[in-house]
Amino acid sequence: MLDLIDITKSYPSRLGRRYIFRQFNLSIPTGCNAGLIGPNGAGKSTLMRLMGGLEHLDQGRIVTDRRVSWPIGLAGGFQGSLTGRDNVRFVCRIHAASAEEMREKVAFVQAFAEIGDAFDLPVKSYSSGMRSRLTFGVAMAFDFDLYLIDEVTAVGDAAFRKKSQDLLRERLERAQVVYTSHNMGEITRLCNAVVLLRPGQSPVFYEDVQEGIAAYQQMASAPQVRARHPEACPA
């Protein structure tokens with residue numbers, strides 16, 4: 001399970017604190033592959049970073065008994081001055097991989113990412129697509145109980161996308177995913193539940209994927225929702 005309990009997250013702005021979440025609650029049960037959907041500005045990427053431990057909460061708690069990945073597909077996470085190979089080694093050290101495990105994981109990522117000689121060039125020279133290939137490969141080199149994925153399987157040509165999707169399906173035979181995407185076909189294919197984020201409101205958890213998608217599409221068609229932004233309040 002993954003429980004978010006009374007979480008609040010805000011950022012400073014010239015208009016005061018900009019609140020993304022206020023006393024937000026969500027529970028993702030064990031065995032649930034959840035599609036995270038909602039309009040732009042609803043906080044999908046922020047929520048992924050919070051669940052992956054990349055950002056701190058203002059208030060509240062995140063409780064889990066799962067080994068959770070970092071958010072796969074979001075920008076950042078690599079040291080730009082290091083090569084792709086050295087970044088993989090660095091992640092291996094963080095996860096206490098043995099020398100043999102490190103060699104295996106480096107070889108796996110190099111073969112999977114298919115970025116050729118760029119694997120030994122600084123990551124800051126990579127295109128966004130190359131970064132996404134690398135970050136997906138690194139994440140798949142480790143066994144997590146819960147993968148946080150931000151539409152990264154849409155990267156690359158058709159052959160690479162199929163390879164990524166096949167590998168993810170293999171991982172999901174023994175793990176869970178929280179998957180955010182604007183492609184409702186992908187949500188339907190990978191997920192058995194939907195979490196609908198609504199700007200400034202509580203999330204809605206749908207056990208029926210199609211019901212959740214229909215609610216999102218109805219909400220997205222309303223002009224007042226498309227124009228709405230998270231509330232900015234004085235600190």
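Colleague: Let's start with α5. Which residues of α5 are buried?

Modeller: Keep in mind that this is a predicted model. In α5, the buried ones are F160, S164, Q165, L167, L168 and R171. They sit on the same side of α5, because they cover an arc of only 165 degrees around the axis.

Colleague: And which residues are exposed on the other side of α5?

Modeller: That would be A158, A159 and K162.

Colleague: How many residues does α5 have, and how far does it reach?

Modeller: α5 runs over residues 158–171, which is 14 residues. From first C-alpha to last it reaches 20 Å, close to the 20 Å expected at 1.5 Å a residue.

Colleague: Back to R171. Which residue does R171 meet in a salt bridge?

Modeller: Its partner is E170, and the N to O distance is 3.5 Å. R171 counts as buried because its relative accessibility is 8%, and the cut-off is under 20%. E170 is at 38%, so E170 counts as partly exposed.

Colleague: How many salt bridges does the rule count?

Modeller: The count comes to 13. One of them pairs the side chains of D120 and R85, at 2.6 Å from N to O. That pair links distant parts of the chain: D120 is in the loop between α3 and α4, while R85 is in helix α2 (residues 84–94), 35 residues apart.

Colleague: Are those two buried or exposed?

Modeller: R85 counts as buried, because its relative accessibility is 18%. D120 has 40%, so D120 counts as partly exposed.

Colleague: OK, α2 then. Which residues of α2 are buried?

Modeller: R85 again, along with G84, N87, V88, V91 and C92. Looking down the axis of α2, the buried residues fall within an arc of 165 degrees, so they line one face of the helix.

Colleague: What do the buried residues of α2 pack against?

Modeller: They pack against β5 (68–72), α3 and α4. The face turned away from that buried side carries the exposed residues R93 and I94.

Colleague: What about R89 and D86, how far apart are they in α2?

Modeller: R89 and D86 are 3 residues apart in α2, about one turn of the helix. Their side chains meet in a salt bridge, 3.1 Å from N to O. R89 counts as partly exposed because its relative accessibility is 30%. D86 also counts as partly exposed, with 28%.

Colleague: Why would residues three or four places apart point the same way?

Modeller: An α-helix has 3.6 residues a turn, so residues three or four places apart point the same way.

Colleague: And F90, where is it found?

Modeller: F90 is found in helix α2. Its relative accessible area is 46%, so F90 is partly exposed. F90 and Q165 are 75 residues apart in sequence and 26 Å apart in space, C-alpha to C-alpha.

Colleague: What follows α2?

Modeller: A96 does, and its phi is positive, near 55 degrees.

Colleague: Moving on to α4. Which of its residues are buried?

Modeller: The buried residues of α4 are S132, R133, L134, T135, F136, G137, V138, A139 and M140. What covers them includes β5, α2, α3, β6 and α5.

Colleague: Last topic, domains. Which domains does the assignment give?

Modeller: The domain assignment gives domain 1 (1–67 + 144–155 + 172–219) and domain 2 (77–142). Their centres, taken over C-alpha atoms, are separated by 26 Å. The contact takes 7 residues from domain 1 and 8 residues from domain 2.

Colleague: What area is buried between domain 1 and domain 2?

Modeller: About 640 Å², with carbon and sulfur atoms giving 75% of that area.

Colleague: And how many salt bridges does the rule find across the interface of domain 1 and domain 2?

Modeller: The rule finds 0 salt bridges there.

Terms used. Residues are numbered from 1 along each chain as its sequence is written. This is a predicted model: local features need pLDDT of at least 70, side-chain atom pairs count only at pLDDT 80 or more; totals for chains, interfaces and linings use all residues. Side-chain values use heavy atoms; hydrogens and water are left out. Helices (H or I, at least four residues) and strands (E, at least two) are DSSP runs, numbered from the N terminus. The expected span of a helix is 1.5 Å times one less than its number of residues. Buried means under 20% relative accessible area, exposed over 50%, partly exposed in between (1.4 Å probe, protein chains only). The arc is that of the directions from the helix axis to the C-beta atoms. A salt bridge is a side-chain nitrogen of Lys or Arg within 4 Å of a carboxyl oxygen of Asp or Glu. Domain bounds come from an automatic or database domain assignment. Contact means heavy atoms within 4.5 Å. Buried area is the accessible area (1.4 Å probe) that two parts lose on being put together, summed over both.
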